[in-house]
Amino acid sequence: MAGLALTNVIKRFGALQVVHGANLDIEDGEFVVFVGPSGCGKSTLLRMIAGLEDVSGGEIAIAGNVVNDVEPSERHIAMVFQSYALYPHMTVRKNLSFGLTMNGNPKADTQRRVAHAADILQINELMDRRPGQLSGGQRQRVAIGRAIVREPQVFLFDEPLSNLDAELRVQMRVEISKLHKQLGTTMIYVTHDQTEAMTLADKIVVLRTGRIEQVGAPLDLYDDPANQFVAGFIGSPKMNFLKATIHAVGQEGVTAALIADPSVRLTLPISSRPDIGSPVILGIRPEHFSDAGTGEADLTVAVHVAEHLGHTSYVYAGVSGEPLIIERPESRHAGDQKTLTVGLPAKRCFLFDAEGERLR
Amino acid sequence: MRVHNRIAYAFLAPYLLIFATFWLWPIISSFLISFQNTRVNPWRFAPSMNWGRLVGDPAFYNALYNTLIILVIQVPVMIALATVMAVFLNSPLLKARPLYRFAFFVPVVVGEVAYAAVFRLMFSADFGIINKIIGTVGISPVSWFDNGTAAMALLIMAVTWRWAGYNAIIILAGLQSIPGDVYEAATLDRVGKVQQFFHITLPLLKPIILFCIVLSVIGTMQLFAEPFLITNRGGPGGATETLGLLLYRQGFTSLNFGYASAIAYTIAALAVAISLLNLFFGRETK
Ligand SMILES: Nc1ncnc2c1ncn2[C@@H]1O[C@H](COP(=O)(O)OP(=O)(O)O)[C@@H](O)[C@H]1O
Ligand SMILES: [Mg+2]
């Protein structure tokens with residue numbers, strides 16, 4: 001088991017720079033999730049940690065040792081690939097034991113480790129099948145099993161669940177979480193799915209176009225996003241963003257007026273002092289609207305569509321052309337009228353400047 | 001439905017006609033001819049004449065022996081070489097890959113007569129470049145066309161030169177169908193490059209290599225152009241006479257079509273038998 005440290009890690013493919021100076025500390029035994037939209041450099045970062053890609057600049061250290069020039073095979077890491085990458089011509093048993101056998105691991109120990117992994121993942125009945133005879137979920141288990149038998153210092157997962165159907169994804173997610181509790185090994189997990197990130201991570205690393213936007217515990221990112229990108233990426237459905245301008249700056253905080261409806265003014269208790277009249281973005285999550293009259297301001301929206309899921313309803317609405325999603329729990333008939341008035345609780349609202357940085 | 005079928009067959013008819021006339025009929029007819037005495041006019045039915053002769057004909061056994069020797073040496077050497085070439089072509093370090101791929105494939109496109117002429121020149125005992133080259137390392141000149149063993153070696157080299165690239169291209173396609181992340185997984189599993197080749201690449205290539213072997217066996221069983229053109233019609237003194245050449249001599253020099261047909265059927269039967277053996281021993285072991 002080991003912690004990791006990335007220091008100013010840069011990756012270039014020829015002239016194209018795809019990772020721009022990543023700094024990150026990962027504690028021993030932590031479950032860290034790299035999350036971000038497709039193409040933001042998550043896999044590249046993971047593959048650099050594995051040693052499958054060269055590091056163009058900066059340093060990667062595992063357990064305190066810089067590994068930039070250490071062969072992948074000597075880094076004591078195991079990786080689970082998105083495509084599983086099982087050995088197609090070998091049985092499940094051989095897939096698990098192959099690496100150990102090739103390295104001259106004692107036979108009895110190999111058998112013990114394989115049996116142990118098979119128990120953990122409940123793949124005992126599959127041991128004599130080949131990957132081609134397995135379902136996607138079973139292959140995924142074998143791929144994880146192959147990583148477990150290595151008894152690595154660090155597990156790397158690259159979007160391991162993205163080829164599974166929704167139900168299986170939830171199930172495997174829980175199992176991976178259990179596995180982490182059971183083994184206690186450091187795990188780095190890449191996904192573009194914020195739900196996976198929120199549910200699995202001790203620590204989430206949000207990436208955008210090769211830059212780390214924010215690092216933190218799932219609920220910290222949810223409650224206290226550093227910028228508009230993180231605010232929009234974490235949480236489902238997405239946070240609503242409404243254009244606004246600074247109306248006043250005073251003792252109680254900053255007052256913003258919506259552009260869509262300037263009569264809606266909201267004073268947020270924040271200490272930064274933006275210029276009067278400067279454009280800002282007001283963010284509020286769908287689940288944080290309150291009943292009309294209970295917030296610091298009321299907002300009336302035109303209802304487009306309402307989805308009733310039983311325990312909650314999602315109202316797809318608009319105000320002067322700006323789209324909004326409003327969640328109304330315990331309210332089965334919300335949005336059945338043409339308009340809807342909801343409250344805006346100032347405590348639950350965020351302000352972002354024109355560059356998308358959070359005004360605090 | 002039936003009208004549709006009829007129209008479909010009408011479109012197929014020209015092909016079926018040609019297929020029947022120039023494929024099916026010769027196959028049937030040569031089988032029938034092999035049971036006839038074709039050295040008299042008109043031909044007479046004599047079921048044991050050609051087949052009986054075949055069983056006891058030293059020329060047949062000589063040709064069979066030569067063909068099998070070539071098969072046993074040339075096919076494995078060539079397939080091994082082709083595999084190495086394919087791995088080389090597949091290397092990410094290789095620059096100008098299309099150029100090499102083209103170069104390896106070119107021998108197949110070159111006309112048989114042209115390449116045979118070049119080989120005859122290169123291996124000429126007195127002024128051939130090959131003897132000059134081996135002379136520089138102190139080996140005395142080899143009379144490639146007068147020494148039976150040397151002539152066989154020459155044949156094997158020629159056939160290998162001509163077909164190795166072709167097989168390499170097929171094997172390359174197989175290599176490229178192996179996903180790269182399997183190798184990455186193996187690398188992280190601490191499996192070395194050489195072990196990866198023997199434990200991952202070769203097993204996954206097995207069906208392709210078997211296919212190449214079967215193709216090559218069929219080709220070698222019919223080997224004709226090289227012994228005819230390069231080693232002077234199976235020379236010296238029948239030392240490189242192959243079954244294909246024997247067939248040609250019997251059929252088109254001696255005009256003994258009955259015997260030639262029997263030889264043709266023997267070649268086909270042997271090719272099928274050897275290919276089946278291959279497939280049998282190479283099948284997926286459960
Ligand atoms: N081998 C490569 N050569 C060139 N560009 C690459 C290569 N691999 C990835 N990239 C680029 O690097 C960026 C990040 O890719 P990747 O790490 O795979 O993203 P993610 O896993 O977050 O979807 C993308 O713009 C991608 O096009
Ligand atoms: Mg990726």
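Predicted model: local features only at pLDDT ≥ 70, side-chain atom pairs only at ≥ 80, totals over all residues.
Between chain A and chain B the count is 3 salt bridges. Chain A is divided into domain 1, residues 4-233, and domain 2, residues 240-353, while chain B holds 12 helices and 2 strands.

**Interface of chain A and chain B**

- The contact between the two chains draws on 24 residues of chain A and 18 residues of chain B, and the area buried between them comes to about 1900 Å², with carbon and sulfur atoms giving 57% of that figure.
- On the side of chain A, Tyr87(A), His89(A) and Met102(A) together supply 26% of the area that this chain buries against chain B, which is more than any other three residues supply.
- One of the salt bridges joins the side chains of Arg47(A) and Glu184(B), with an N to O distance of 2.6 Å.
- The elements of chain A that give two or more residues to the side touching chain B are helix H1 (42-50), strand S6 (77-80) and helix H2 (92-102); of the elements, H2(A) gives the most, with 3 residues.
- Sorted by class, the side of chain A that touches chain B has 13 nonpolar residues, 6 polar residues and 5 charged residues.

**Domain 1 and domain 2 of chain A**

- The C-alpha centres of domain 1 and domain 2 of chain A lie 39 Å apart, and the contact between these domains takes 8 residues from domain 1 and 7 residues from domain 2.
- About 680 Å² is buried between the two domains of chain A, and carbon and sulfur atoms give 56% of this area.
- Of the area that domain 1 of chain A buries against domain 2, 74% is supplied by Tyr222(A), Gln228(A) and Ala231(A), more than by any other three residues.

**Surroundings of ligand 1**

- Ligand 1 is surrounded by residues of chain A, namely Phe13(A), Val18(A), Ser38(A), Gly39(A), Cys40(A), Gly41(A), Lys42(A), Ser43(A) and Thr44(A).
- A polar backbone atom of Gly41(A) is 3.0 Å from an oxygen atom of ligand 1.
- Side chains also take part: an N or O atom in the side chain of Ser43(A) is 2.6 Å from an oxygen atom of ligand 1, and a polar side-chain atom of Thr44(A) lies 2.5 Å from an oxygen atom of ligand 1.

**Build of chain B**

- From the N terminus on, the elements of chain B run α-β-β-α-α-α-α-α-α-α-α-α-α-α.
- The C-alpha trace of chain B spans about 75 × 70 × 35 Å along its principal axes.

Methods. Residues numbered from 1 in each chain as written. Chains lettered and ligands numbered in written order. Heavy atoms only, no water. Domains from an automatic or database assignment. Contact = heavy atoms within 4.5 Å. Buried area = accessible area lost by both parts, 1.4 Å probe. Near = heavy atom within 4 Å. Polar contact = N/O pair within 3.5 Å; in protein donor to acceptor, adjacent residues only side chain to side chain. Salt bridge = Lys/Arg side-chain N within 4 Å of Asp/Glu carboxyl O. Helix = DSSP H or I, 4+ residues; strand = E, 2+ residues; numbered from the N terminus. Nonpolar A, V, L, I, M, F, W, Y, C, P; charged D, E, K, R; others polar.
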